[in-house]
Amino acid sequence: MHQHSLHSMAFLFFLLFLFHSSRVYSDLDVNFYGDSCPNLTRIVRYGVWSAIQNDTRMAASLLRLHFHDCFVNGCDGSVLLDDTSNSKGEKNAFPNRNSARGFEIIDSIKARVEKACPSTVSCTDILTLASRDAVSLAGGPFWSVPLGRRDGTTASESDANSQLPTPFESLQNITAKFTSKGLTSKDVVVLSGAHTIGFAQCSTFKRRLFDFNGSGSPDPSLDSSLLGDLQSLCPDGSGSDTTLAPLDPVTKNKFDNVYYKNLMNSSGLLQSDQALMGDNDTASMVSYYSKYPYLFNKDFGASMVKMASVGVLIGENGEIRKNCRVVNL
């Protein structure tokens, strides 16, 4: 009996050790707000659902906002900060100016969360959850989101200009930006699949239509019937720069694997998308995801969790912003 209870005690200590170790070594936890804000996921999902009911483009906008947050000095909510008299934030950086959207959706979700659980949930975690819900509400996968990020207190326009991938860069440059964040070329292919939803302004791909790389003619890798449609939508000159074209014209509001089928048919809208077909390794992954939608969904969730853990602030670092647009006083 005595020996049995000793064994039980030892086992209990072992379990406690395991629990403690997992808490120490896993920075983020799916149940981080389980006690402190039990209705968090419901509040966020409802906010995203109502935003998409009002504007289907918002699903892609929230997903892009999260990506643009994490790629600039880590997932810290810095993209949400407004400029101040002594600091220029990320909202007016070239990749975000007049194109980043969804700030007011995050504001309204944050206000509801603050009402339910004051000063408890970071803006960064709200944005991370919102991007997951945006994908699943658009017909894509649902994955568990580890939580516990804190908000940063600084933002940098110049860092946003230098760290965010652009539609005009080579695959090599884009991959280098991903690997600098601890991501891989597989993550490049998987996360590019986010372009299964959303729209791009003509200015981001117009050079492919008329004067590709200064050649005076269109990009030869672009499907000819798509080229004709895009030339009509985005005539030469700056007048049509802000006109929008769907990244995936086949199922523009549905999160699926058609993006990869489009690339196989030379119908990627952005130069950076079609570039995935110019490298043997990435082209074989494109082919794989074009055939296996289930595996794309699975890998997309995994790559999103990986991206959402880049440079996170935890513990005593950062803060829990009361208002996502400004640091706490």
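**A tour of the predicted model**

A search of the whole structure finds 15 aromatic pairs. Rings of Phe, Tyr and Trp (its six-membered ring) pair if their centres lie within 6.5 Å. This is a predicted model: local features need pLDDT of at least 70, side-chain atom pairs count only at pLDDT 80 or more, and totals for chains, interfaces and linings use all residues. Residues are numbered from 1 along each chain as its sequence is written, and side-chain values use heavy atoms, leaving out hydrogens and water.

Select the aromatic cluster. One cluster is formed by Trp143, Phe255, Tyr259, Tyr260, Tyr288, Tyr289, Tyr292, Phe296 and Phe300.

Next, pick lysine 91 and phenylalanine 103. The charged end of lysine 91 sits over the ring of phenylalanine 103, 4.3 Å from its centre. "Over" needs NZ of Lys or CZ of Arg within 6 Å of the ring centre and within 35 degrees of the ring normal. Then select arginine 207: it lies over the face of phenylalanine 168, at 4.0 Å from the ring centre.

Move to helix α3, residues 58-70. Helices are DSSP runs (H or I, at least four residues), numbered from the N terminus. Of its 13 residues, 12 are buried, so α3 is largely enclosed by the rest of the structure. Buried means under 20% relative accessible area, with a 1.4 Å probe and protein chains only. Show what covers the buried residues: this includes α2 (40-54), α4 (103-116), α5 (123-137), α7 (171-179) and α14 (293-307).

Finish on α5, at serine 136. Serine 136 counts as buried because its relative accessibility is 12%. Beyond its neighbours within four places in sequence, serine 136 is in contact (heavy atoms within 4.5 Å) with Arg45, Pro141 and Phe142.

How values were computed:
Helix = DSSP H or I, 4+ residues; strand = E, 2+ residues; numbered from the N terminus. Expected span 1.5 Å × (residues − 1). Buried < 20%, exposed > 50% of the residue type's maximum accessible area, 1.4 Å probe, protein only. Phe/Tyr/Trp six-rings, centres within 6.5 Å; stacked < 30°, edge-to-face > 60°.
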